[in-house]
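Please keep the sequence and the structure open as you go through it.

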Amino acid sequence: MGVVLPTVESPPVTERLTSRVRVSAGWLVLCGYAVGAVAVTWRLWADPAGRVQVGDVHDVDLFAWFLRYEATMVAHGRLPALVTTAMNAPRGISLMWNTSLLLPGLLLTPVTLAAGPQVSLTVLLTAGFAGSAAALGWVLRRHGVSLGAAALGGAVYGFSPALLESGIGHYNLQFAVLPPLIIDALLRIVTGRGRPVRAGAWLGLLTAAQLLTGEELLADTALAGLVLVAALAAGRPRAVAGRVAGAA
């Protein structure tokens with residue numbers, strides 16, 4: 001009589017299955033964020049070219065003008081001028097002193113030219129909710145937080161009252177995708193988890209992108225970063241000396 005040994009699953013196979021489950025769960029969380037963002041903005045998606053938010057129509061019109069201006073410049077083979085007389089002639093205006101959404105406007109140029117600036121604003125608003133939640137969720141996972149807690153943390157951030165209120169017409173504050181990534185890069189520098197030059201270059205790129213998206217939110221992020229670094233230094237004063245050179 002033969003004896004058939006039970007099949008023993010090798011550790012690599014188990015690890016691969018666990019990895020696939022984690023990836024699938026991560027994609028499920030991202031889909032949940034996307035569904036939530038569409039649920040919040042569905043009234044706009046019913047007619048994205050003709051509907052605007054109620055409560056701050058004048059600001060929405062201003063953002064639409066900026067996106068149209070930036071798309072027009074790209075269509076003529078030029079980058080948007082930082083000072084233009086296309087508004088408030090003859091003195092003109094500074095796009096860096098206004099909520100001009102320079103970087104999002106450039107990236108959304110194909111949508112603006114094809115469907116109009118209001119559609120681009122609806123796309124940006126939806127991406128702001130889902131993208132902000134996904135950004136913080138990814139950062140939390142990067143720092144060892146469990147998938148469920150990270151998913152919840154991302155949702156609380158991406159659909160917070162602050163972003164919902166800003167979504168009425170302050171797109172520069174509602175699109176909060178970059179602040180969690182900036183804070184993550186900063187923490188990797190000051191804690192020594194990342195290579196100083198590489199992490200510093202990444203921090204610089206993120207900061208530049210936020211500068212061209214919304215200066216006010218960049219200032220808020222810098223303040224939050226200073227508070228976090230000060231708290232870390234106060235909590236582990238003996239580690240400060242070993243981190244100063246790399247951070248500098």
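Q: What is the volume of the second largest pocket?
A: The model is predicted, so local features need pLDDT of at least 70 and side-chain atom pairs pLDDT 80 or more, while totals for chains, interfaces and linings use all residues. Residues are numbered from 1 along each chain as its sequence is written, and side-chain values use heavy atoms, without hydrogens and water. A pocket is an open set of points on a 1 Å grid over the protein atoms alone, where a 1.4 Å probe fits and protein lies on both sides within 12 Å along at least five of seven lines. With points joined across faces, edges and corners, and the volume taken as the space filled by probe spheres set on them, the second largest pocket comes to about 310 Å³.

Q: Which residues are the closest to the centre of the second largest pocket?
A: Lining residues are those with an atom within 4 Å of a point, and the second largest pocket has 16 of them. By class they divide into 11 nonpolar, 3 polar and 2 charged, where Ala, Val, Leu, Ile, Met, Phe, Trp, Tyr, Cys and Pro count as nonpolar, Asp, Glu, Lys and Arg as charged, and the others, Gly among them, as polar. The closest to the centre are Arg 22, Gly 26, Trp 138, Arg 141 and Leu 147.

Q: Which element gives the largest share of the lining of the second largest pocket?
A: Two or more residues of this lining come from each of helix H1 (11-45), helix H5 (117-142) and helix H6 (147-158), with helices (H or I, at least four residues) and strands (E, at least two) taken as DSSP runs numbered from the N terminus. The largest share, 8 residues, comes from H1.

Q: What is the volume of the largest pocket, and which residues lie nearest its centre?
A: The volume of the largest pocket is about 410 Å³. Its lining is made up of 14 residues, with 9 nonpolar, 2 polar and 3 charged among them. Those that lie nearest the centre are Val 190, Thr 191, Leu 232, Ala 239 and Arg 243.

Q: Which element gives the most to the lining of the largest pocket?
A: The elements that give two or more residues to the lining of the largest pocket are helix H9 (178-191), helix H11 (215-235) and helix H12 (240-247). The most, 4 residues, is given by H12.

Q: Which side chains meet in a salt bridge?
A: The structure holds 1 salt bridge, a term that requires a side-chain nitrogen of Lys or Arg within 4 Å of a carboxyl oxygen of Asp or Glu. The N to O distance is 3.1 Å, and the pair links distant parts of the chain, 42 residues apart, with one partner in helix H9 and the other in helix H5. The partner in H9 is Asp 184, and the partner in H5 is Arg 142.

Q: Which peptide bond is cis?
A: Most residues other than glycine have a negative phi, and most peptide bonds are trans. The loop between strand S1 (83-84) and strand S2 (93-94) holds Pro 90, and the cis bond, with omega near 5 degrees, runs to this proline from Ala 89.

Q: What is the phi of Asn 88?
A: Asn 88 is found in the loop between S1 and S2, where Pro 90 also has its place. The phi of Asn 88 is positive, in a residue other than glycine, with a value near 60 degrees.
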